[in-house]
Amino acid sequence: MTELDRRQASAPAPSGWTYAPAPESREVVSIEERYGLYVGGEWLEPRSQEWYETISPASEEPLAQIAQAGAEDVALAVDAARGAYENAWSGMPSARRAKYLFRIARILQERSREFAVLESLNGGKPIRESRDIDLPLAAAHFFYYAGWADKLEYAFPNRRPGPIGVAGQIIPWNFPLLMLAWKVAPALAAGNTVVLKPAETTPLTALLFCDVLRQAGLPPGVVNIVTGDGRTGAELVKHPGVDKIAFTGSTEVGKAIQREIAGTGKRLTLELGGKAANVVFDDAALDGAIEGIINAIYFNQGHVCCAGSRLLVQESIVEPLVSKLKRRLATLRVGDPLDKNTDVGAINSRGQLDQITELVESGVAEGAELYQPPCRLPERGYWFAPTVFTNVAQSSRIATEEIFGPVLSVLTFRTPEEAVEKANNTAYGLSAGVWTEKGSRILWMAQRLRAGVVWANTFNRFDPASPFGGYKESGFGREGGLHGLEPYLEFE
């Protein structure tokens, strides 16, 4: 540790800085008082006659009434998807299907500000993330799969690919529009039709997406959207007219889905939980690593399945790294998701906030040292300060269970072999990160880390051409790239 490092580590955090509020205007978004179900290209009242309220987690402000789809509603949506599959979509020339996907991508780009505001309003994530990450990536996935729609025979030579039918898709609340794009784009490119269920707490961008489908002129019934809680998802999973289920969410629910469809012949892909290790070696560029650590765990309030929630630091640098990390934490701004200055937004729901709080309390009870920067949280809404635990035992709950919040556990290692052993000592296997200046060490680690994605000197970097998915209890199947097309195709 150099003298400069010691001075920087011991210096007080910057204080006295003020930021003028820079809120993004809500005027760009028009929210209906009540939303029905989008089935067969039309808005329908739920047969169940049940409704629930969706809110803004930053203020607990009611935003709209949302339909709770029941068994009859799901059956109507599946029938509409089947009709569109047999009569319009699967037999359509693939180049024409590609044009629809291109249209959707362009419209998402044109309406990106509207979608970004609604995503932050309904989900709680900072507008900078919705605007600069979620929306560009969502559009990019539609562009990418539009390019493959008429080239499937080249993507899978000598295999004669064809669509499988109706895809039932269930997406989570942490990346509502992006997860929609990850699932809908490859399904349509392959010639399938879709019944999609958005998360209960964040349905609004999926419902606004229905207007994109109308604007693009997509044939009725190709994409159907049914809203509701887990009961709606369960009806979709067990419906005999669904040929494939794609689910992103908790490991517990993923296991239940797998049990439900066992023996039915339905295709299944699961992208589930994670407890990623972010490994920092003593030769890493510390300042760059600090930014990567912040991005790995505090991006989207830690509501990321591949978040780097376990920080493995080589013993010789743990002191300066933790000092720099604490100093950097003090500069993070927590607050209004629509303010462009905000770094950490609102926790998505009361239930998720309670889960984070309970796990953090367990970390304190188990003897780990908690650090939270001075942070004034808003009085209304669901908030949790960025948190770091040091002196964490490998067996503690905060080191083994997915917290899905802005909570980082710091552990140490001495050798690369020990780093691999600790990183792989988890029920999950979705992602990992490695920070070192040695390319050979990066490759050595990547070969041994049991994770679907390994980032080197970066974290949370995504590209439509790159597959994403996990091992072990993080699920199976891949989304993105050519690998993301395969689950939606059958081969002769």
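Colleague: In β11, which residue is the bridge partner of A246?

Modeller: Strands of a sheet pair through backbone hydrogen bonds, either parallel or antiparallel. Here the bridge partner of A246 in β11 is T269. Helices (H or I, at least four residues) and strands (E, at least two) are DSSP runs, numbered from the N terminus, and two strands pair if DSSP finds at least two bridges between them. Strand β10 (residues 244–248) pairs with β11 in the parallel sense over five bridges. From β10 the chain crosses through helix α10 (residues 251–261) to β11, a right-handed β-α-β crossover; right-handed means that, with the strands pointing away from the viewer, the path from the first strand over the helix to the second runs clockwise.

Colleague: What kind of model is this, and how are its residues numbered?

Modeller: This is a predicted model, in which local features need pLDDT of at least 70 and side-chain atom pairs count only at pLDDT 80 or more, while totals for chains, interfaces and linings use all residues. Residues are numbered from 1 along each chain as its sequence is written, and side-chain values use heavy atoms, leaving out hydrogens and water.

Colleague: In which sense do β11 and strand β19 pair, parallel or antiparallel?

Modeller: β11 and strand β19 (residues 475–476) pair in the antiparallel sense over two bridges. The bridge partner of L270 in β19 is F476.

Colleague: Why is strand β11 described as largely enclosed?

Modeller: A residue is buried under 20% relative accessible area, exposed over 50%, and partly exposed in between (1.4 Å probe, protein chains only). Four of the five residues of β11 (residues 267–271) are buried, so the rest of the structure largely encloses this strand. L268 lies in β11 and counts as buried because its relative accessibility is 15%.

Colleague: Which residues does L268 touch?

Modeller: Contact means heavy atoms within 4.5 Å. Leaving aside residues up to four places away in sequence, L268 touches K244, I245, I257, Q258, I261 and F476.

Colleague: How is a helix such as α3 read, and which of its residues are buried?

Modeller: An α-helix has 3.6 residues a turn, so residues three or four places apart point the same way. Helix α3 (residues 94–110) has 17 residues and reaches 25 Å from its first C-alpha to its last, close to the 24 Å expected at 1.5 Å a residue; the expected span is 1.5 Å times one less than the number of residues. In α3, R97, A98, Y100, L101, I104, A105, I107 and L108 are buried. The buried residues of α3 pack against α2 (71–89), α4 (112–123), α5 (127–148), α7 (176–189) and α8 (204–216).

Colleague: Which residues other than glycine have a positive phi, and where do they lie?

Modeller: Most residues other than glycine have a negative phi. R160 is found in the loop between α6 (152–155) and β6 (161–163), and is exposed, with a relative accessible area of 60%. F404 lies in the loop between α14 (397–400) and β16 (407–413), and is buried, with a relative accessible area of 15%.

Colleague: In what order do the three strands of the open sheet stand?

Modeller: The order is β1-β5-β4, and the pairing is mixed. β1 (34–35) and β4 (51–56) stand at the edges with a single partner strand each, so one side of each is left without a neighbour in the sheet.
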